[in-house]
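Dear colleague,

Please find below the structure I am handing over to you. My notes on what was found in it follow.

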Amino acid sequence: MKSAVVLLPGLNRDRDMIAALTKISGKPPVTVWQTDTEIPDVDLIAIPGGFSFGDYLRCGAIAARMPVMRAVAEKAAKGVAVIGVCNGFQILVEAGLLPGALMRNTSLKFVCRQIKLEVTNANTMFTRRYQPGQIIRSPVAHHDGNYFADAETLARLEGEGQVVFRYAEGTNPNGSINDIAGIINEQGNVLGLMPHPENLIEAAHGGSDGRALFEGALGIAA
Ligand SMILES: NC(=O)CC[C@H](N)C(=O)O
């Protein structure tokens, strides 16, 4: 199973994502740089977390306008799986590949801690290795993770099962509406989430709750 990781200046979770994908798929992902206009044939494209372009203007706003994101959009339109984690989620939203916005945390503080997630929709290519309603652990580290969408968009997301992960057991770290932690597009192949499942994939991380997400996305048996 082949994967690609998008690299942009200011990202700092790229090596974590590359390590996770290498461990889970058995081969290192190809990397694509911000100015690349083509992405090789892969099964999964990952946009990692960090602070692309120093979070200037809005988190992900500049990254979303780089040539590589046109290539990501083309692949997504063809049905290739795309996952955006944290800044990657912000970039997907800014690129218009996912609806809504990620605003400043209600605390106005950067949060770095472990939270709990409910797998709200286990019927996606990303979450098929989890049980519906399963509670998993995941780290978060962000200052702009407060998901918001207008009432109509929110009703559509909730009604169509596009809310894939929700903060559970009172652990919402940022004030996200409806405790939303991760959403998927209508076609079901573009997932964005604020938590970092790539940082909880092996015993050395203190747990492996995030591993099944990548196994599902890559079609690897558990
Ligand atoms: N870990 C991250 O990807 C951080 C995302 C983003 N720059 C924020 O702080 O909101």
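**Aromatic pairs**

A search of the whole structure, which is a predicted model, finds 2 aromatic pairs. In one of them, the ring centres of Phe51 and Phe110 lie 6.3 Å apart and the ring planes meet at 25°, so this pair is stacked, planes under 30 degrees apart being counted that way. Phe51 sits in the loop between β3 (44–47) and α2 (67–77), while Phe110 sits in the loop between β5 (101–103) and β6 (111–119); the pair therefore ties together parts that are 59 residues apart in sequence. Phe51 is partly exposed, at 30% relative accessibility. Phe110 is likewise partly exposed, with a relative accessible area of 42%.

The rings of Phe89 and Tyr147 have centres 6.1 Å apart and planes at 15°, so that pair is stacked. Phe89 belongs to helix α3 (residues 87–94) and Tyr147 to strand β8 (residues 146–148), and the pair links distant parts of the chain, 58 residues apart. As for accessibility, Phe89 is buried, with a relative accessible area of 1%, and Tyr147 is buried, with a relative accessible area of 1%.

**The surroundings of the ligand**

The ligand is surrounded by 13 residues, of which the closest are Gly50, Asp55, Cys86, Ala141 and Asp144. Sorted by class, this shell has 4 nonpolar, 7 polar and 2 charged residues. Two elements, α3 and β7 (135–142), each supply at least two residues of the shell.

Several polar atoms of the protein may be inspected here. A backbone N or O atom of Asn87 lies 3.0 Å from an oxygen atom of the ligand. A polar backbone atom of Ala141 is 2.8 Å from a nitrogen atom of the ligand. In the case of His196, an N or O atom in the side chain is 3.3 Å from a nitrogen atom of the ligand. On its own the ligand has 300 Å² of accessible area, and the protein covers 100% of it.

**Helix α5**

Is helix α5 (residues 211–218) largely enclosed or largely open? Of its 8 residues, 7 are buried, so the helix is largely enclosed by the rest of the structure. The buried residues of α5 are Ala212, Leu213, Phe214, Glu215, Gly216, Ala217 and Leu218. Their cover includes the strands β1 (3–7), β3, β4 (81–85), β9 (163–167) and β11 (190–193), together with helix α1 (14–25). After α5 comes Gly219, whose phi is positive, near 65°.

**Arg113**

One further residue deserves a short note. Arg113 is placed in strand β6 and counts as partly exposed, at 44% relative accessibility. Leaving aside neighbours within four places in sequence, Arg113 is in contact with Ser138, Pro139, Val140 and Pro173. Arg113 and Ser208 are 95 residues apart in sequence, and their C-alpha atoms are 16 Å apart in space.

**Points to view**

The ligand could come next, with Asn87 on the side of a ligand oxygen atom and Ala141 at a ligand nitrogen atom. Helix α5, with 7 of 8 residues buried, could then follow.

With kind regards

How values were computed:
Residues numbered from 1 in each chain as written. Predicted model: local features only at pLDDT ≥ 70, side-chain atom pairs only at ≥ 80, totals over all residues. Heavy atoms only, no water. Phe/Tyr/Trp six-rings, centres within 6.5 Å; stacked < 30°, edge-to-face > 60°. Helix = DSSP H or I, 4+ residues; strand = E, 2+ residues; numbered from the N terminus. Buried < 20%, exposed > 50% of the residue type's maximum accessible area, 1.4 Å probe, protein only. Contact = heavy atoms within 4.5 Å. Near = heavy atom within 4 Å. Polar contact = N/O pair within 3.5 Å; in protein donor to acceptor, adjacent residues only side chain to side chain. Areas by Shrake-Rupley, 256 points an atom, 1.4 Å probe, with all protein chains shown as cover. Nonpolar A, V, L, I, M, F, W, Y, C, P; charged D, E, K, R; others polar.
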